[in-house]
Structures are given as C-alpha cells and as structure tokens.
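Subject: Structure handover

Hello,

Here is the structure I said I would pass on.

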Amino acid sequence: MLLSLFTRRSVASGLAVVLGGAPVFTAYAADPPLTLEAAVQEGTAQAPALMAHHEHVASMHEEAARAGRLPDPTLNFGVENFPIDTSGAFSVRSDPMTMRTIGFTQTLPSRAARSADREVADAEIKAADAEGADTIQSIQERIADAWIDLWAAQQKRALLSELHAENALAVQIAQARLKGGAGSATDALATRAEAAALDNRVEAADADVAVAQAGLQRWLVHTATDLGDAPDFGRLPVAPEHLEQAVDQQAPMQVWEAREQVAQAALDRARATKHPDWSVSFLYGQRAGPLSDMVMVQFGVTLPLFTRNRQDRTISAREEQWEAAQDNHEDARREQQAFVTRTVASWQGWARQIQRYQGTMLPLDRDRTKTALAAYRGGGALQPWLDARRDEIELRMTYVDALTARARLWASLAYLLPTSESMP
C-alpha cells in the first residue's frame, strides 16, 4: 500500500515537472498550504524582537517593584573626642570623653516624592506596553509583505508559464510554413528566439521566487514553498471610514499617550522636590572606665527655601518637556491621519486599475495575440504576433505589479488596529 502510494506520487510529480518545465513542490496533508494569516500568526508568535520586548517589559516590572521604597540605611561607626596631642595621645582610654560609636542613619523622602517615583515607574511600564503594540503591528506588516512578495513572484511565474504552449505552437507553425515553402528562415528563427526569451523570463521568475522564499523564511521556522489562497486584497478587514476615525486607537499612536503620562509623572516628581525630606539618626557611644555609655537620636529635614535657581528650574524644564510631548502627540496624530488617508486613496486607486486590467486590458491583449497568431497561420506576417506577444508579457508583469502594490497597501492598513477586529 505504501509503495503504491509513493509510486503514484512520484509519477504525478514527474509529469508535472515535464509538462510545467519548473520544480514542483508536493504538499502533504501534514504540511498544508501557508496562508497569509497563518504566516502572520506563526511569525509573530516566534519573532525574536517581540520576545526581547517582553523581556524588557519584565525587567521594567522588576525595577518598578522598588520604586517609592525607602533608601537603604547608612551604618555609622567611628571614634569621637580622640586625643592627639597630650600625654595620652592616640589612646581610646586616656581621656574619659573619648567614645567608640556605632549607629545608623535613615533618610525618609517625602510622601509626595515616593508617590511620584511610583507614578513614573508605572507610566514607563505603560509606555513600554504601548511600544509593544507598535512592535507587533510592525512585525505583522513585515511578515505580510514577505508573504505578498512570494505570492507575487509565484503569480508572475504562473502567468509567464501559461505562454509556453502558444510559443511552442508558433515555432511549429513557422517550421511548417518553412517546409511548405510559404515561410522564411527568418520567421522560424524569430519564433525560436521569442521562445528562448520567454524561457529566460521564466528562469528569472524562478530566481525571484527563491529570493522571496528566503525573505519569508526569515520569519518562519519551516520553509514555505506552497502558499494558500490569498485574502481578498480588495476588501479591508476594517472599513476605511473606521480607520480614519479611529486614529488614536491605532498601534503607532498608542505610545504617544503613554509618553505624555511619562512626562506628566516626571513633572509631578519635580514638583515633589519642594516637599522637605526627613532623616533620623541613632548613635550609641561607648566610653572607657566608669563613665556611662551614651546614646544620641537626631532628626534632620531638608529646607527647600531657595527654590528659584534649584527646584523651580527643574520644574520649568519638566513642564516644557510635558508640553513638548503634547505637541509631538498632536503632530503624530496629524501625520497618522494623513498616512491613513493617503494609503486608503492609493489602495482604492489600485483597485480600480486592477478591475480595468481584469475586465478590459488583459482580455484585449489576449485576443490580440490569438488573432495575430491565427493570421500568421493563415499566411500573414509574423511581426504582428511578436509585437502582440511582447506587449502581452509586459502587460501581465505590470498587472502583477499592480496586484502587489495593492496588497502591500492592504497590509499597511489591515494591522493598524491592535485588536481582533483588525485581523484578516
């Protein structure tokens, strides 16, 4: 049973190679054709850049856990009232005032300062999360572009391969007319040269397919050789009107609101420097002889009295940074709005051109080529067919370029909203 199945597959594959003139990749049930959606999901799940971002966010959570905590206490130890110029110099026992001391000092930042530190840490985590949404959108678009490149390269090769049979027919007609005395050797050579030129175009298309496969492989674990059906690039997963209205919800914009929050938190921390910080010190002193040991407790407080050239300067700087963040946010919003509008307009323009290719231009060029070949078979000139064939090849390649341009614009718009509704 297994041998029979293997034989049937081998024969079918061999026939495909002979008839198609190009390598054929057999897709097994365990390796289904790779759709664009599957490629995006697989590539995003294992993207090293996204993993690095998750690790970065995890490190920021660790850093945030210590925000607003009391600083470490300071251990103090030494000698007080140590004699250096009497008969008992350099002795801790010669003078009853000499003490060996040990103690600690604890700084107590103001509640406002500690709260501001926590706000800054939380805002920076939110900014990192927002940057993650932008990273995901960028990765999704790049994977989609790689899939589209391979899909377009395969489309070009398929459209070129369709012309092999007609080229072979033209060669046969030229040879038959030459043998019958109605043709010329020039026509026979021209048809063979045209067939060779088409073979060269197909070879170049095969190289483009290999290059595009390498580009897609950069994102995937398994080599993608057989692509599934392309999504409908003429229809966005989200209405264009909704994209133009929901600019602030799009992935590239989310980071700007978070940056404003970071700037606001930094401003609050600067303002908190006007609140005094406290400190407490405890010291234990041991004296020699019958004298009693001594204990000292001391409190300290910062005095932000001269703030004009100190705290006020920092606060003014942070206010300027906060206002700059707001202005940059508005500028980015306008740029994103313009980007969406431009991209939607271009996407719709390519859609109309593609409809014209499919409905008018490609059928007309196909009919022109067939008519010219039929006329040549009936005794007409060869040059009209050569001209029509070359124009048809160029038109087919231009058509695929139009499909690729529309598909790339579709990918630029399809992943802007980081929600399930934006997924194809």
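In which helix is the place of alanine 45? Alanine 45 belongs to helix α2; helices here are DSSP runs of H or I with at least four residues, strands are runs of E with at least two, and both are numbered from the N terminus.

Two notes on the source come before the rest. This is a predicted model, in which local features need pLDDT of at least 70 and side-chain atom pairs count only at pLDDT 80 or more, while totals for chains, interfaces and linings use all residues. Residues are numbered from 1 along each chain as its sequence is written, and side-chain values use heavy atoms, with hydrogens and water left out.

Helix α2

Alanine 45 counts as exposed, because its relative accessibility is 63%. The cut-offs are as follows: buried is under 20% relative accessible area, exposed is over 50%, and partly exposed is in between, with a 1.4 Å probe and protein chains only. Between alanine 45 and tryptophan 219 there are 174 residues in sequence, but their C-alpha atoms are 9.8 Å apart in space.

Which residues of α2 are buried? They are Leu36, Ala39, Val40, Gly43 and Thr44. Seen down the axis of α2, these buried residues fall within an arc of 115°, so they line one face of the helix. The arc is taken from the directions that run from the helix axis to the C-beta atoms. The cover over the buried residues of α2 includes α3 (48–64), α4 and α10.

The nonpolar cores

A nonpolar core is a set of buried Ala, Val, Leu, Ile, Met, Phe, Trp, Tyr and Cys residues joined through side-chain atoms within 4.5 Å. The largest one has 56 residues, and those with the most contacts inside it are Leu36, Trp147, Trp151, Leu216 and Trp410. At least two residues of this core come from each of α2 (36–45), α4 (111–161), α6 (185–217), α9 (311–377) and α10 (383–414). The largest share, 13 residues, is supplied by α10. A second, separate core has 10 residues, among them Ala170, Ala372, Tyr376 and Leu386. In general, nonpolar side chains tend to be buried together in soluble globular proteins.

What does tryptophan 147 touch? Leaving out residues up to four places away in sequence, its contacts (heavy atoms within 4.5 Å) include Leu34, Leu36, Ala39, Leu216, Pro231 and Phe233.

The sheet

An open sheet of 4 strands has the order β1-β2-β3-β4, with antiparallel pairing; two strands pair if DSSP finds at least two bridges between them. At the edges are β1 (74–80) and β4 (294–301), each of which pairs on one side only. From one strand to the next the twist averages 20°, with axes fitted as lines to C-alpha atoms and angles running from 0 to 180 degrees between N-to-C directions.

β1 and β2 (residues 99–108) are joined in the antiparallel sense over 7 bridges. Across this pairing, phenylalanine 77 stands opposite isoleucine 102 in β2, and valine 79 has arginine 100 in β2 as its bridge partner. β2 and β3 also run antiparallel, joined by 10 bridges. Here glycine 103 stands opposite leucine 283 in β3.

Threonine 101 is also found in β2. Threonine 101 is buried, because its relative accessible area is 10%. Its contacts include Phe77, Val79, Leu283 and Tyr284, with residues up to four places away in sequence not counted.

Aromatic pairs

The whole structure holds 5 aromatic pairs. Rings of Phe, Tyr and Trp (its six-membered ring) pair if their centres lie within 6.5 Å; planes under 30 degrees apart are stacked, over 60 edge-to-face, and the rest tilted.

The rings of phenylalanine 104 and phenylalanine 282 have centres 6.2 Å apart and planes at 35°, so this pair is tilted. The pair links distant parts of the chain, with phenylalanine 104 in β2 and phenylalanine 282 in β3 (residues 278–287), 178 residues apart. Phenylalanine 104 is partly exposed at 39%, and phenylalanine 282 is partly exposed at 32%.

For tryptophan 410 and tyrosine 415, the ring centres are 6.3 Å apart and the planes are at 85°, so the pair is edge-to-face. Tryptophan 410 is buried at 2% relative accessibility, and tyrosine 415 is buried at 1%. Trp151, Phe233, Trp410 and Tyr415 form one aromatic cluster.

Regards
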